[in-house]
Amino acid sequence: MKKLIFIMVMMISAVCYADSVADVLAQLDKIKSYSADFTQKTELEGFGADTYSGRLYIKSRTKALWDYQKPYRQFYLFDTKMMQFYDSETKQLIKQKLDPTANAFMRLMLSPADMKKDFNVTYNESTGRLTLTPAVKNSGINAITFTVKNGLVTGITTKDQNGNNTSILLTNVKADPEIAESVFSPSVPKDTQIFNQ
């Protein structure tokens, strides 16, 4: 479930031509959709590192798919009312209702500019780094840093309060692409166990 930390903030991974936090947030609010390939390396304290890769698709304010292809198939699918998590190793699909007002990811999807309610946000133009620090202590994460290159977010790094590190490299990032609705209806095998929570 460590992956969810990054899904919650992926709405930031969009075009960022800006000189200040206000500029970045204003631009995020204008993004309608985006897609990217990703490679994620997660180092859990005492357990070593794991590497994942796949593709993400987001339609701002409505839905998002974080589709893991390697080392095995998983996905997180969000809309404004529900999260679905599929794991091919356990052959399970978990559907969980979400309250958009109580879920940080949902708030970011509905209004990226509102992220300042949950994070202290700084932007360093010279390094191209946008840093989010949780406004509430003991939130589970110390900080999230986004690397911006040529106007696109190309990387995300974070360290949580347990000493776990994650780095995500984004490639083939596209702002405002056309995304077919079928992308947000991923199929699962017929023998998948489905749990509604």
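Reply: At 41% relative accessibility, Lys91 counts as partly exposed; buried means under 20% relative accessible area, exposed over 50%, and partly exposed in between, with a 1.4 Å probe and protein chains only. Asp191 is also partly exposed, at 48%. Asp191 and Lys91 form a salt bridge, their closest N and O atoms being 3.5 Å apart. This pair links distant parts of the chain, 100 residues apart: Asp191 lies in the loop between strand E11 (165-175) and strand E12 (193-196), and Lys91 in the loop between strand E5 (82-87) and strand E6 (92-97). A salt bridge here is a side-chain nitrogen of Lys or Arg within 4 Å of a carboxyl oxygen of Asp or Glu. Strands (E, at least two residues) are DSSP runs, numbered from the N terminus.

The model is predicted: local features need pLDDT of at least 70, side-chain atom pairs count only at pLDDT 80 or more, and totals for chains, interfaces and linings use all residues. Residues are numbered from 1 along each chain as its sequence is written, and side-chain values use heavy atoms, with hydrogens and water left out.

A search of the whole structure finds five salt bridges. In one of them, Asp37 pairs with Arg55, with the closest N and O atoms 2.7 Å apart. Asp37 in strand E1 (residues 33-44) and Arg55 in strand E2 (residues 48-59) are 18 residues apart, and the pair links distant parts of the chain. Asp37 is partly exposed, at 22%.

Arg73 forms a salt bridge with Asp67, the closest N and O atoms being 2.9 Å apart. Arg73 is partly exposed at 23%, whereas Asp67 is buried at 11%. Finally, a network of salt bridges links Lys59, Lys63 and Glu181.

Note on methods
Helix = DSSP H or I, 4+ residues; strand = E, 2+ residues; numbered from the N terminus.
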